[in-house]
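Student: I am new to this structure, and I would like to go through a few of its residues and elements with you. Could we look at it together, one question at a time?

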Amino acid sequence: MRRSLVLVALAATSMVALAFLIPLAIVVKNSAYNRALNEAEKQAGAMTQTLLITRKPQEIRQVIRSTRYGGQQRLAVHLSVPAGTYGYSHITAADLQEAQKLATASTVEKPDGVAYLQPLATSESGIAIVEAFVPHEQLTHGVIGTWWVLAGVAVGLVAGSVLVADRLGARAVKATRALAEGARRMGQGDLTARVPVQGPPEFEEVGKAFNAMAERVRHLLAAEREVVADLSHRLRTPLTALLLDADTLGHGPGADRVREAVQGLEREVDEIIKIARSGLQPDDSGADAAEVVRDRLVFWSALADDQERPWTVRGADRPAPVPLSRADLAAALDALLGNVFRYTPEGTRFAVTLVHQADLVALVVEDAGPGIADSARAVRRGASGGGSTGLGLDIARRAAETTGGSLHVDRGPLGGARVQLRLRRV
């Protein structure tokens, strides 16, 4: 923006300066030319006064030598009666004859200057021609210096306009950068980010609006965190009752599984409260997808054995680091596996596969159930065809998109639904 303003000012001022500079340069040159010819006319006019008084060659030569032009060998007198040329001539005989025919003042361009010819009718019915020669350096005397002065003035005007445009642009750019920095900090989760109200009036209005928006967002998010924390805390009472009831079940695989599920639910509630209180700051430490898969399958395998569900896991034998927190990745995988157990009959086969690629890790969960009739609707938040909240696939989708990846739902080789959670490594 700053550069654009400077270029616009440079172009506009340069065009204006040239529009005035070129005509002024021509006027200066013509003025110097006319001034030199006027001086030559004066010198010739002084000589014509002498010719009205005398025709004696000696007196004419003496008068020529006494003049400035004569002393510089630039003045001559051409007489027809008696015929002769006195002084220092710079024209040819043809030029002289042409001037005698015209009988009016004229000029003759020569390679080294201009000859001014002033005719004078004499009493002997002849025409005398007074020649005053002006060299090129006299025709352009002072022109180059004046042009340099005009060029200096033009350059000064252009430089001044560029400087003013640069200062104005710097002021606007400073305000723009401050606004961009504030927006970047807000995007990174810094709810205290504010921008200085500075710059042109329009940028001041934008700064005020941004600060008001940031303050409003801070209040809204704070209220939302408090609501989430309060709701999560209220779940502790029924969880405590469930845990007490689970203790009365005695011992056995089923009782142990119920107690483990309740304890896992309690840990999740604690994690939600912790995140809500800390301002929903993301965990940038990352996680090993293979380790998370192995850990969560330990939990789900017990339920799968109870329901006589055959299952396999592939690709979890080597590390698969992804830029996603362990809790978020575990929640996404639990959502996918929970859908398998919820929407397929007992005894239905399922498989979990980790596909390792250079730029991504694909977490694939597939089953041999009836599949998903409308896969596009299934991934929409709050949409469900089975009476649930419809948030399971949405949780997985948002986890993938956090890494720059995506979620795809289609029909897999087992005949049922196949959900691919594609997680970008960077």
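Student: Which residues does Ile 60 touch, not counting residues up to four places away in sequence?
Tutor: The model is predicted, and in it the place of Ile 60 is in helix H2, which spans residues 57-66. Leaving out residues up to four places away in sequence, Ile 60 touches Met 47, Leu 51, Thr 54, Arg 55, Val 77, Leu 79 and Tyr 86.

Student: How far apart in space are Ile 60 and Val 77, C-alpha to C-alpha?
Tutor: Val 77 is among the residues that Ile 60 touches, although the two are 17 residues apart in sequence. From C-alpha to C-alpha, the distance between them in space is 8.1 Å.

Student: Is Lys 110 buried or exposed?
Tutor: Lys 110 lies in strand S3, residues 106-110, and its side chain has a polar contact of 3.2 Å with the side chain of Asp 95. Because its relative accessible area is 18% and the cut-off is under 20%, Lys 110 counts as buried.

Student: At what angle do helix H10 and helix H11 pack?
Tutor: Two packed helices are described by the angle between their axes and the distance between the axes. For H10 (residues 289-306) and H11 (residues 326-343), the axes are 10 Å apart, and the crossing is right-handed. The residues of this contact divide into 12 nonpolar, one polar and five charged. The angle at which H10 and H11 pack is about 35°.

Note on methods:
Residues are numbered from 1 along each chain as its sequence is written. This is a predicted model: local features need pLDDT of at least 70, side-chain atom pairs count only at pLDDT 80 or more; totals for chains, interfaces and linings use all residues. Side-chain values use heavy atoms; hydrogens and water are left out. Helices (H or I, at least four residues) and strands (E, at least two) are DSSP runs, numbered from the N terminus. Buried means under 20% relative accessible area, exposed over 50%, partly exposed in between (1.4 Å probe, protein chains only). A polar contact is a pair of N or O atoms within 3.5 Å; within protein, one must be able to donate a hydrogen and the other to accept it, and residues adjacent in sequence count only if both atoms are side-chain atoms. Axes are lines fitted to C-alpha atoms, for helices over the stretch in contact, and angles run from 0 to 180 degrees between N-to-C directions. A crossing is left-handed if the near helix is turned anticlockwise from the far one by less than a right angle, and right-handed if clockwise. Ala, Val, Leu, Ile, Met, Phe, Trp, Tyr, Cys and Pro count as nonpolar, Asp, Glu, Lys and Arg as charged, and the others, Gly among them, as polar. Contact means heavy atoms within 4.5 Å.
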